[in-house]
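This report looks at charged side chains and the contacts between them. Please have the sequence and the 3D view open while reading.

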Amino acid sequence: IRSKLEWEVWMLRSIRDLEIPYLPSLVDYVLRSTSPLIATTWTDGCELQWSDSIPSPDVRKDVIRRIAEVTLDILKIQQAGLCLSALNQVQTDQNEGSSAMDWITSKIIRTRVATAEQGKLDGVSVAYTEALKAQIPTFHLPHLDDEPHVLVHGDLQPSNIIMNDGKLSG
C-alpha cells in the first residue's frame with residue numbers, strides 16, 4: 001500500500017509541477033501515519049452527461065478539445081524504464097523483475113491463471129489462461145523496456161469528467 005501511495009504522490013506532484021490544467025493536483029500529504037492522507041485540489045461540478053442531444057454541439061467540441069489537450073499534457077509525465085502502470089505493481093512485489101515481460105507474465109499469472117485455477121473465471125479453463133501466457137513473447141517488444149513511458153488515463157468515462165455550468169472544470 002505504501003508504494004501505491006508514494007506513486008500516487010509522485011503522479012499528483014508531477015501534475016502540479018507541470019501545471020496541467022483540468023486535473024487534480026497535490027496539495028499536501030502525510031504517509032507516515034497509521035491513516036495516510038493525500039490531499040488534492042477540489043473541483044465543484046457534476047459528471048459529464050453525454051447523449052444524442054446533451055451537451056450542445058459547441059460544448060461537445062470544447063469537451064473533446066480539452067480532453068485532447070489534457071491527454072497531450074499528461075504525456076509529459078514520464079519515467080524511464082518500466083511503464084508507470086506496471087511500476088506500481090512491481091514496487092509492491094519486489095520478487096518480480098523490472099521488464100514489461102516480467103510484469104505482464106506476473107499479471108497474467110495473478111489475474112488469469114491463478115483465478116482460473118480457483119474456478120473463478122466462468123467458462124475459462126486453466127489451459128486457456130496458460131495459452132494466453134504462452135503468447136506473451138509474440139507481442140513483447142524488449143527494446144522498449146528501458147525507454148521512457150508516459151502516464152495515460154486508463155479509465156476515461158463521463159463519470160470521470162467534471163462539468164461546471166456547461167464547461168469542463170479543473
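Is R65 buried, partly exposed or exposed? With a relative accessible area of 40%, R65 is partly exposed, where buried stands for under 20% relative accessible area, exposed for over 50%, and partly exposed for the range in between (1.4 Å probe, protein chains only).

## Basis of the model

This is a predicted model, in which local features need pLDDT of at least 70 and side-chain atom pairs count only at pLDDT 80 or more, while totals for chains, interfaces and linings use all residues. Residues are numbered from 1 along each chain as its sequence is written, and side-chain values use heavy atoms, with hydrogens and water left out.

## Salt bridges of D62

The structure holds six salt bridges, each being a side-chain nitrogen of Lys or Arg within 4 Å of a carboxyl oxygen of Asp or Glu. One of them joins D62 to R65, with the closest N and O atoms 2.5 Å apart; these two residues lie three apart in helix α2 (residues 57-74), a separation of about one helical turn. Helices are DSSP runs (H or I, at least four residues), numbered from the N terminus.

D62 also forms a salt bridge with R66, where the closest N and O atoms are 3.0 Å apart. Both D62 and R66 are buried, D62 having 15% relative accessibility.

E69 is partly exposed at 32% relative accessibility, and its salt bridge with R65 has its closest N and O atoms 2.8 Å apart. Four residues separate E69 from R65 along helix α2, about one helical turn. Salt bridges link D62, R65, R66 and E69 in a network.
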